[in-house]
Amino acid sequence: MTNTERPLAISAPEPRTLDLLFSDKARVELHAKYEVVEADPENIAGLGDGILGRARYVIGQPPLSAETLARMPALRSILNVESNLLNNMPYDVLFQRGIHVVTTGQVFAEPVAEIGLGFALALARGIVDADVAFREGSELWGGEGNASARLIAGSEIGIVGFGDLGKALRRVLSGFRARIRVFDPWLPHSILEESGVEPASLEDVLTKSDFVFVVAAVTSENRGFLGAEAFSSMRRGAAFILLSRADVVDFDALMAAVSSGHIVAASDVYPEEPLPPDHPVRSLKGFVRSAHRAGALDSAFKKMGDMVLEDMDLMDRGLPPMRCKRAERETVSRMRSKPVAVN
């Protein structure tokens, strides 16, 4: 079989790499089944018509103009291997032509949900502060070290957003016998009820929860929608856990709420990444920090590659993609998340 007989895939997965996404076995399969052309994401238009005209797949989400897409008559799918959907291509044109736009970001749901549970336990039981005190020789033993400790079991929990991550979070919390309320304006109540959670207003989620998990995607409508008023409405001592993107909160207001002692918080994401060495959140008491590492497991990245291969195989046989998640016509252009650099 010659190169011209194999379907052509343009590889532009930045900030990922093919080595990150595909195991050795999967990478051999990729190159055996496809002619892979690695390209600069910012210069897809610079590829010749001999490549663009034959491209069946794009692995990544490089900026694409309507003019460039017009030169790609064989294109069947854009396989987004970042967890975000950027508004950097004419999605209306893609949908009109029946080109599938799919994402692999759901691979992060379980690992992020697990670290979210870890954050909740750390805040509820003061695990981080107790460890620091022990290292410094100022630990409090037994009950004296539990003055502000609480249980997750039997507590009231609120979740903001109920996509793949919200559903995974509900699963990891299922053994705690907690009452779980969810606010997600993009879902009908019946879907939430069938998932074993209570549909609720944002106000109820904030004011009636001992733990609030924020897993909502950033859209054109919700940037900074959780601010000072939202944090002041929370129960005193409640835990606020940010797992999706920092742009959904007013981060200064969040730090102020923690600094005042009204709430405690944990976050894996920040307004600027990496954070400057002198950023005040680094030394903020009552705040548990993680450097955008919640989902960045090698096993998750390699699962992305497997999903891409499975869906490409389906589309090669004239079937729709089933492993990756399809972008929706009505919501894709509202997404406003920024890509995250990968070391």
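Reader: How many helices and strands are in the protein?

Author: The model is predicted. Its secondary structure comprises helices and strands, and the count for the protein is 13 helices and 13 strands.

Reader: What radius of gyration does the protein have, and why does it agree with a compact globule?

Author: A compact globule with 343 residues would have a radius of gyration near 20 Å. The C-alpha atoms fill a box of roughly 75 × 45 × 35 Å along the principal axes. The value for the protein agrees with the globule figure, at 22 Å.

Reader: Which share of the residues counts as buried?

Author: A residue is buried when its relative accessible area is under 20%. The protein exposes about 16400 Å², of which carbon and sulfur atoms supply 51%. Of the 343 residues, the buried share is 49%.

Reader: How far apart do the centres of the positive and negative side chains lie?

Author: The protein has 38 positive and 46 negative side chains.

Reader: Is Ser195 buried or exposed?

Author: Ser195 lies in the loop between helix H9 (189-194) and strand E8 (198-199). Its relative accessible area is 18%, and the limit for burial is under 20%. Ser195 therefore counts as buried.

Reader: Which backbone oxygen does the side chain of Ser195 reach?

Author: Leaving out residues up to four places away in sequence, Ser195 touches Phe162 and Arg170. Its side chain also reaches a backbone oxygen at 3.0 Å, and that oxygen belongs to Ile191.

Reader: Which residues is Pro199 in contact with, leaving aside its neighbours within four places in sequence?

Author: Pro199 has its place in strand E8. At 23% relative accessibility, Pro199 counts as partly exposed. Its C-alpha atom is separated by 19 Å from that of Phe176, 23 residues apart along the chain. The residues in contact with Pro199 are Val182, His189, Leu192 and Glu193.

Reader: Is Glu330 buried or exposed?

Author: Glu330 lies in the segment after strand E13 (325-326). Its C-alpha atom and that of Pro90, 240 residues apart along the chain, are separated by 13 Å. The relative accessible area of Glu330 is 54%, and the class for values over 50% is exposed. Glu330 is therefore exposed.

Key:
Residues are numbered from 1 along each chain as its sequence is written. This is a predicted model: local features need pLDDT of at least 70, side-chain atom pairs count only at pLDDT 80 or more; totals for chains, interfaces and linings use all residues. Side-chain values use heavy atoms; hydrogens and water are left out. Helices (H or I, at least four residues) and strands (E, at least two) are DSSP runs, numbered from the N terminus. Buried means under 20% relative accessible area, exposed over 50%, partly exposed in between (1.4 Å probe, protein chains only). A polar contact is a pair of N or O atoms within 3.5 Å; within protein, one must be able to donate a hydrogen and the other to accept it, and residues adjacent in sequence count only if both atoms are side-chain atoms. Contact means heavy atoms within 4.5 Å. The radius of gyration is taken over C-alpha atoms; the globule rule is 2.2 Å times the number of residues to the power 0.38. Accessible areas come from the Shrake-Rupley method with a 1.4 Å probe; for residues, only the protein chains shown count as cover. Lys and Arg count as positive and Asp and Glu as negative; His and the chain ends are not counted. The place of a charge is taken as NZ of Lys, CZ of Arg, CG of Asp or CD of Glu.
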